[in-house]
Amino acid sequence: MAVGNNIADEEEEGSDEHDVRTGDHHWLDLNFSYNDWITLGPSSPKRIRMLDNGDRSEVSDVSDKEPQDADYLCISSLSYELENLIFARFPRSEHWKLSFLNKRCLTLLRSGEVYKIRNEIRVKVPSVFMYASGQSTWWEFDRGFSSCRRLPCFPSDPSFLNGDKESLCAGTHLLVSGNEIGELVIWRYELAKNKWYKGPSMITPRCLFASATCGSSAYVAGGMATGLSVEVYSSAERYNPESGSWESLPMMKKRRQLCAGCYMDDKFYVIGGRNGNVELTCGEFFDETKNRWELIPDMLKDDPVQSSHSPPLVAVVNNELYSLEVSSNQLKMYLKKSNTWKQLGLVPVRADCHKGWGVAFKSLGDELLVIGASAVSGNQVAIYTCCPSTDDSSELKWRPLDSGRNCLNNFILNCCVMVA
């Protein structure tokens with residue numbers, strides 16, 4: 001792995017602007033690097049020289065020159081609106097560089113305004129947040145797993161760090177739920193500020209719940225209480241990152257824990273799970289226009305029932321629902337009209353190793369993402385993506401992403417995808 005160096009010492013970060021000239025040309029050094037983002041693989045950083053006449057040239061060796069601020073005297077200024085549109089198109093992994101330009105750009109980042117602009121101009125890109133056993137922090141990976149970034153450490157107590165956790169994303173918030181000194185709490189990571197904050201807790205704190213994300217909203221449903229109570233819930237809630245609050249939704253038709261959630265056809269689906277010792281093969285969805293739940297009988301009737309298995313592994317791509325069957329490692333697609341499933345073929349990971357636990361099965365834009373024990377190389381972690389097709393004649397083509405495996409050599413505990 002190639003790790004970048006800091007662009008300057010702390011005492012240099014607030015230095016005055018300098019007038020840097022090479023002949024009769026002004027140039028702006030854009031070769032920032034930072035140890036927060038890590039490139040997974042070979043890289044060859046270059047510096048770009050921007051000349052007054054509009055030309056660009058790559059400078060292969062300018063290591064003897066100190067990084068300097070730009071000389072804007074001869075460059076016509078852009079409007080703030082146009083600058084914001086340009087900055088919003090920067091890759092997310094490059095956003096940290098904006099904080100070194102000026103205070104306005106720093107405010108653009110930390111206020112979250114840049115992500116609102118990205119949403120308006122539709123340049124949002126998915127990234128993967130991962131937490132593995134033996135790790136002390138979360139990691140963020142870009143879509144291709146070619147670079148990663150370690151998030152700040154949890155400011156929580158050891159019981160939260162070492163206990164079971166569940167995660168979901170809402171807008172640019174990563175929510176992590178777990179036990180802290182005998183009570184269920186939520187820690188949220190705000191992407192814009194790169195910080196963890198405590199709360200807000202759910203109206204009905206729960207574990208082993210279903211969750212799904214739609215745009216900037218997140219939904220949870222079902223689950224159970226912890227401690228002395230073993231009550232299984234039928235309640236549901238929606239999280240709004242703008243207000244930082246939870247809103248109660250109508251009760252589901254069934255009480256269920258260890259269930260799975262997804263968002264499809266503008267509806268929040270909850271699938272499978274258990275009510276006490278009873279395995280549920282039904283599903284249900286919340287219709288916001290009618291503000292009520294609708295039951296789907298026998299949605300998982302053909303799924304083999306196992307004890308101590310994980311919640312159903314489901315993901316939605318291009319508004320189609322896919323499932324990874326734990327017992328057979330088969331990828332299946334849900335046929336909405338007939339309420340049945342069609343087998344598409346084997347996945348290249350061993351979901352059956354731990355009955356579905358430790359496997360990440362997520363939608364990643366227009367692709368399916370699966371992470372787990374490799375089907376060809378023992379217990380080594382494997383990362384694959386696939387663009388599924390509804391065409392019966394199309395064959396599954398799984399693409400291996402080997403770059404990120406060095407950071408994921410342990411059992412996967414939590415994984416979620418943020419689109420921002």
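Proline 400 in strand E31 has tyrosine 384 standing opposite. Strand E30, which covers residues 381-386, pairs with E31 in the antiparallel sense over two bridges; pairing requires that DSSP find at least two bridges between two strands. Helices (H or I, at least four residues) and strands (E, at least two) are DSSP runs numbered from the N terminus.

E30 and E31 belong to an open sheet of four strands, ordered E28-E29-E30-E31, with antiparallel pairing. Strand E28 (360-364) and strand E31 (399-400) each have a single partner strand and stand at the edges, so one side of each is left without a neighbour in the sheet. In general, strands of a sheet pair through backbone hydrogen bonds, either parallel or antiparallel.

## Basis and confidence of the model

The model is predicted: local features need pLDDT of at least 70, side-chain atom pairs count only at pLDDT 80 or more, and totals for chains, interfaces and linings use all residues. Residues are numbered from 1 along each chain as its sequence is written, and side-chain values use heavy atoms, with hydrogens and water left out.

The mean pLDDT (the predictor's confidence in each residue, from 0 to 100) of the chain is 81, and 77% of its residues reach 70 or more. For residues 1-35 the pLDDT is below 50, and this stretch has 72 contacts (heavy atoms within 4.5 Å) in the model beyond near neighbours in sequence. Residues 43-64 also have pLDDT below 50, with 37 contacts beyond near neighbours in sequence.

## The chain as a whole

The chain contains five helices and 32 strands. Of its 420 residues, 46% are buried, meaning under 20% relative accessible area, with exposed set at over 50% and partly exposed in between (1.4 Å probe, protein chains only). Among contacts between residues at least 6 apart in sequence, 51% join residues at least 24 apart.

## Crossing of helices H2 and H4

The axes of helix H2 (residues 80-88) and helix H4 (residues 113-121) cross at roughly 80° and come within 9 Å. Axes are lines fitted to C-alpha atoms, for helices over the stretch in contact, with angles from 0 to 180 degrees between N-to-C directions. H2 is therefore roughly perpendicular to H4, a class spanning 65 to 115 degrees. Asn84, Leu85, Phe87 and Ala88 of H2 make the contact with Val114, Ile117, Arg118 and Ile121 of H4.

## Serine 234

Serine 234 lies in the loop between strand E15 (217-221) and strand E16 (236-240). Serine 234 is buried, its relative accessible area being 13%. Leaving aside residues up to four places away in sequence, serine 234 touches Met251, Met252, Lys254 and Arg255.

Notes. Parallel < 35°, antiparallel > 145°, perpendicular 65-115°, else oblique.
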